[in-house]
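Open the model in your viewer and follow along. Each stop says what to select and what is there.

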Amino acid sequence: MTASSATAEAPPARTLAGGSVRALVQLAVVVAALAVAFVVLGPEQFINALTLGAIYALVAIGYTMVYGIIELINFAHGDVFMVGTFVSLSVLINLGFTGAVREPLLLVALLVGVFLFSMVVMGLVGVLIERAAYRPLRNAPRLAPLITAIGVSFILQNIVQLFYGPYQTNAPQVFPTAAVVQIGDVRIPILSFFIVAVAVGLMIGLQLFIGRTRLGRAMRSTALDRDAAALMGVNINRTIAITFFIGSALAGAAGVTYGLQYGVTRFDLGFQAGLKAFTAAVLGGIGNQVGAALGGFIIGFIEVGAAAFGYTRWGPAVVFGVLVIVLVFRPAGLLGQQVGERA
Amino acid sequence: MSEARDILVAERVTRRFGGLVAVNEVDFTIPEGAIVSLIGPNGAGKTTFFNVLLGIIDPTSGRVEFDGRAMIARPRRVGVESLVWVAPSVLVVLVGLALQATGVLGGAAIALTAVAAIGLLMGTLLLAIVRPLWYQNLLLRFGIFRSARPNDMVQAGVARTFQNIRLFKNMTAVENVLIGMHTQMRASLADGFLSTPRARREEDVSDRRAQEILTLVGLHGIGNELAKNLPYGDQRRLEIARALASGPKLLLLDEPAAGMNPKETQDLMKLISRLRTDLGLTVLLIEHDMKVVMGISDRVTVLDAGRKIAEGTPEEVRRDPRVIEAYLGTPAA
Amino acid sequence: MSVVQDLPAPGGRRGGAVRARIGELSSRHRSFSIIVGMALAAAILPVLAAVPPFSSFQTQNAWMDGFTNAGVFVLLALGLNLVVGVAGLLDLGYAAFFAIGAYAYAYAASPFGNQILGIDFKGLLGDSAGLVFWPMLVIGALIAAVFGILLGAPTLRLRGDYLAIVTLGFGEIVPIVFLNSDAVTNGTNGIGGVFRPYLPGLGSFSAVNPWPYYLTMMAVVTVVMIFCYRLAGSRIGRAWEAIREDELAAAANGINTVTTKLLAFALGASTAGIAGVINAAKLTVVSPDQFGFVVSFTVLAMVVLGGMGNFWGVAVGAFVIYTINNVLLKTLNQFFDAVAIPILKDIDFIGLQFLLYGIALVAMMLLRPEGLFPNSRRQRELHAEVIEPGADAMTLPEVTEEGGR
């Protein structure tokens with residue numbers, strides 16, 4: 001009688017440019033918030049927040065895409081990001097690059113290479129994980145894939161730990177961190193621009209892909225109603241695999257940028273970073289890519305803001321507090337649909 | 001029959017979903033001891049109305065009274081409830097400040113006040129969550145009203161079955177019925193912990209009662225079968241048994257005859273009639289199978305596009321031109 | 001005339017009959033059989049520890065000490081089993097309640113803690129200050145239960161995965177709070193000088209003699225297990241199972257799902273609280289790093305591997321896993337260090353344990369999700385690949401009849 005799949009409430013992807021007064025209001029709010037943040041944090045921290053936010057956004061998108069399509073919180077996703085950092089650093093080191101590369105052409109080629117490589121490798125890792133650990137449990141009670149995901153997370157962490165030990169590992173910051181743009185007193189690293197540009201570029205590319213291509217349509221329809229999509233001829237398994245590939249590839253890209261920006265990584269980076277990125281995804285509205293991006297930036301600002309005010313140690317607690325508050329009071333997040341009513 | 005009081009009174013129940021009016025000013029009463037049916041084409045709003053009656057969703061306007069008590073309506077003055085939560089703690093804090101100002105008790109006053117305030121706050125929040133009946137009545141005094149939730153409706157005496165059978169598939173038939181009996185049992189947490197004689201006695205009594213109920217619906221002897229292993233017709237009966245276990249006054253059956261063959265349908269009709277005559281139950285049926293509707297209903301109500309378009313005896317409704325029009329043809333006889 | 005056949009009982013006909021008889025006997029006299037079982041275990045374990053091959057790993061005292069530590073995890077596993085296994089609520093931040101119990105005891109039973117609270121048990125009771133341990137077992141449980149309610153109240157209406165994440169968040173927040181509130185919690189250094197338990201006649205428990213701790217632990221585990229079984233078999237336990245299987249149907253049958261879930265949460269938390277108290281009293285120091293996600297994860301692994309829903313199963317599973325970890329892996333390290341096989345020598349087996357957990361967890365979920373010692377109902381639930389009578393191609397998927405919720 002009534003419509004089915006009330007459980008798969010992935011809201012349709014809404015872009016900020018989506019239409020009329022509402023979008024303008026949203027835009028105005030965002031600009032105002034950015035302006036406030038700029039004033040409060042100062043330009044340097046503002047850029048830091050933007051950069052960190054971009055990284056979180058890239059990881060958050062992976063969470064939100066996977067949740068939107070199979071309603072699974074991929075606990076291992078944060079660790080995919082972490083592995084991405086290690087993959088990129090090992091590529092760079094094996095190619096012989098341990099420090100800044102100042103030759104522009106070489107740098108560009110190197111970056112393109114590292115990004116492509118890491119993204120493809122991590123994409124494949126994501127597909128492998130899905131195939132081996134999640135797909136067999138697609139129809140099992142919810143607890144099972146959740147627990148499996150945690151298991152995979154630990155497996156990834158410990159494999160990395162086996163190779164790299166429990167200590168911090170240095171990642172070659174091939175993009176010269178000293179290259180800055182000077183505006184008055186303020187020095188803004190070009191690397192930050194680069195990272196934000198890469199992140200935004202990838203996200204726009206993703207939106208175009210999802211919005212305009214056949215595969216993207218398949219992904220959207222599977223997320224909305226898997227059975228109907230299957231009946232329409234969508235290859236569900238392949239669609240899900242592609243979703244994992246893209247999400248993990250983005251996490252890989254985030255890994256590369258993380259290494260470039262911070263120069264260090266550790267086997268347990270994925271756990272907290274993953275949780276924060278998931279918070280970002282929830283904050284923005286789970287299932288909504290734009291929301292994930294938005295959430296990522298917000299979380300980046302929260303974290304840098306906390307540090308700027310001297311509350312670095314409390315940073316994670318604040319972020320997780322945000323998670324709890326969002327889930328309790330507005331589980332649909334900022335851009336999600338308001339979830340039903342309480343009887 | 002005109003002497004019978006109305007066990008359920010729904011007044012001008014309306015439910016909107018955004019721009020869509022799913023249920024539109026529906027008046028609906030159920031006389032005690034009657035078997036009434038609610039029919040209508042697909043999309044007529046029967047399920048939504050049903051859900052409102054059961055406390056699953058709130059009506060946009062209108063009210064539902066059950067057994068003389070107001071159970072369902074649009075929440076009223078809910079914001080005030082937050083004040084009720086905070087009031088005791090605020091009071092305590094004020095008292096503590098006063099004590100401190102006047103120098104009585106000194107430093108300990110602050111600690112005591114803090115502990116008391118926090119404790120009270122937690123207590124009231126817990127009350128708000130658990131919502132025992134006396135608390136709801138207290139709120140009513142302040143004009144604060146929240147609709148009954150599904151489990152409150154069961155407590156009040158309304159039980160239901162599901163359109164797509166929702167038995168606890170991995171539990172036995174008896175266990176399913178015992179769940180139905182949940183509200184009738186008095187064993188508390190302490191009884192559970194301590195395995196008191198009272199608790200054990202209650203379990204034994206309940207076990208026997210569950211068997212009795214199963215026999216009543218014609219499922220004698222299959223008590224230890226897993227629900228998922230039962231044939232379809234038996235599963236439907238088991239769901240009814242489970243609903244009966246809560247000792248309801250009103251039984252809401254959601255398409256109980258769906259998927260049944262003619263023989264099973266006949267047996268079902270006999271069972272429902274027996275429930276009314278032997279147990280004094282009032283029954284509300286939502287049903288598409290006109291044999292059942294016309295066969296056992298005292299009164300039939302027809303919804304279409306959210307509005308009540310006809311109500312009366314089965315014969316009256318069958319001949320009503322508006323009903324025929326709504327269905328685009330005569331109902332299957 | 002069943003359309004569907006249930007799975008045949010494992011173990012064959014004769015084994016099944018014997019097992020059924022034992023099961024029947026023990027469920028009728030549940031508490032008694034638990035006491036007997038635990039007494040047997042308590043007696044056998046020290047004996048085993050003193051004979052080869054076990055004696056070659058470590059001394060009996062070291063074994064006993066290990067058993068007591070394992071007992072802490074057994075308690076944790078029992079409590080989490082109530083929450084995850086019986087009620088079906090995935091709690092990933094269980095260590096938070098463990099921490100709360102431990103710190104509660106630390107406040108009641110250490111110079112630092114007493115000072116914060118403004119009391120002085122050492123001054124009042126002198127050497128027998130450890131007497132506070134016994135009431136704290138109950139008080140710590142209550143405090144943890146309160147926090148369980150605090151956490152559960154706003155979050156229990158969330159769907160399974162979201163609940164998991166929120167509890168994970170809490171599990172992270174609590175140690176951070178303890179870590180950063182230096183003034184009140186002594187930050188990273190933690191609170192030391194925690195009183196050991198004191199029994200009149202026996203004196204304070206010592207670090208050297210493992211027996212008082214061991215016997216106390218066995219007694220506490222026995223009591224907790226009895227309560228767990230009783231609860232699971234009671235009206236409340238049935239309600240938990242119903243909620244786990246189909247929350248909507250449970251509510252439609254009169255079960256107040258919010259209260260019932262809250263109860264599971266609170267009771268699970270209280271068990272962790274008890275474990276925390278004992279752990280603190282044994283280690284005599286509490287610090288935030290004892291309560292990370294690793295602990296939550298380990299206990300979850302124990303519950304999953306041991307058999308969700310089956311209390312004996314998770315108890316044995318927890319015990320075995322802990323002991324294997326702490327003895328076997330340590331010994332493997334020593335062994336391969338001594339024997340010097342090239343690759344194996346460099347592997348830190350202790351570090352490996354989480355890799356093994358992860359693999360075991362994934363393998364379990366794929367192959368035998370009901371765990372090693374399954375609860376029979378869980379086994380039915382998890383392996384059901386049946387076509388339910390009445391569901392046909394025309395039936396739409398389950399309606400969530402909660403208008404948009």
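Select helix α9 of chain A, residues 236–262. Helix α9(A) has 27 residues and reaches 38 Å from its first C-alpha to its last, close to the 39 Å expected at 1.5 Å a residue. That expected span is 1.5 Å times one less than the number of residues. Helices here are DSSP runs of H or I, at least four residues, and strands are runs of E, at least two, numbered from the N terminus.

This is a predicted model: local features need pLDDT of at least 70, side-chain atom pairs count only at pLDDT 80 or more, and totals for chains, interfaces and linings use all residues. Residues are numbered from 1 along each chain as its sequence is written, while chains are lettered from A and ligands numbered from 1 in the order in which they are written.

Is α9(A) mostly covered or exposed? Mostly covered: 22 of its 27 residues are buried. Buried means 20 or more other C-beta atoms, placed from the backbone, within 10 Å of the residue's own.

Step off the end of α9(A) to A:Gly263, whose phi is positive, near 75°.

Now select A:Leu58. Leaving aside neighbours within four places in sequence, A:Leu58 is in contact with residues including A:Leu250, A:Ala251 and A:Ala254. Contact means C-beta atoms, placed from the backbone, within 7 Å.

Finally, show the whole of chain A. Chain A holds twelve helices and four strands. Its C-alpha trace spans about 65 × 45 × 40 Å along its principal axes. Buried residues make up 51% of its 343 residues.

Key: A residue is buried if 20 or more other C-beta atoms lie within 10 Å of its own, exposed if 12 or fewer, and partly exposed in between; C-beta atoms are placed from the backbone. Two residues are in contact if their C-beta atoms, placed from the backbone, lie within 7 Å.
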